[in-house]
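Dear colleague,

I would be glad if you read them alongside the structure.

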Amino acid sequence: MKEFSSSKSVIVPEGVFIIGTYDENGVPNAMNAAWGQQSDYGEITLFLAKHKTTENIKKTKAFTVAMATKDTVVISDYFGVETGNHVNKIEKAGVHVHKSTHVNAPIIEEYPVTLECELKSWDDETGILVGKIVSSQVDEKVLTDGRVDLDKMQPIMFDISTSTYRVIGPIVGKAFHDGLVLKK
């Protein structure tokens, strides 16, 4: 092995999450965030600096999280390179939005999987945002036998090493199964 020194640690995968919120006037906004994870069954944790999005969440106590895909790369990247403080990103991107029936946040229809979340906690100092997932919206075109099919969905990840987006690849093993051969 060779020692590698870089200011950008390579930790993969980094999901590409699109966070949807409403501001105090009911105007929808979207933000691209790469640092997040499922932190429990029915819970998502995101690591965010202060943004218009975090201010919106503090006010509304709700947000949505859509999973970016190969088909949504351009709009997903746009939601990360533009600020909602100066531009209506939803309008400029030309996406279609409707209000969640479960939380006070927008669902962006171009994304096939969206989590509807209530604010569980927000820490101004650390930027740790925890959301309780109260419902999920899934486009039937990415389902197989009632489950989200990642081959159909083609979710993307952020590759910090090259500042690129990559499609998550094929199945290479079965969780909670393949390692059992070493347990014997």
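Buried here means under 20% relative accessible area, with exposed over 50% and partly exposed in between (1.4 Å probe, protein chains only). Helices (H or I, at least four residues) and strands (E, at least two) are DSSP runs, numbered from the N terminus. This is a predicted model, in which local features need pLDDT of at least 70 and side-chain atom pairs count only at pLDDT 80 or more, while totals for chains, interfaces and linings use all residues. Residues are numbered from 1 along each chain as its sequence is written, and side-chain values use heavy atoms, with hydrogens and water left out.

In helix 1, the buried residues are Thr 53, Thr 54, Asn 56, Ile 57 and Thr 60. Because they cover an arc of only 155 degrees around the axis, they lie on the same side of helix 1 (the arc is that of the directions from the helix axis to the C-beta atoms). These buried residues pack against strands 2, 3, 6, 9 and 10, where contact means heavy atoms within 4.5 Å. Just after helix 1, Lys 61 takes a positive phi of about 65 degrees.

As for the pockets, each is an open set of points on a 1 Å grid over the protein atoms alone, where a 1.4 Å probe fits, with protein on both sides within 12 Å along at least five of seven lines; lining residues have an atom within 4 Å of a point. The largest pocket is lined by 30 residues, and Gln 38, Met 67, Val 148, Leu 150 and Met 153 lie nearest its centre. The second largest pocket is lined by 24 residues, with Met 31, Asn 32, His 51, Phe 79 and Gly 80 nearest its centre.

With best wishes
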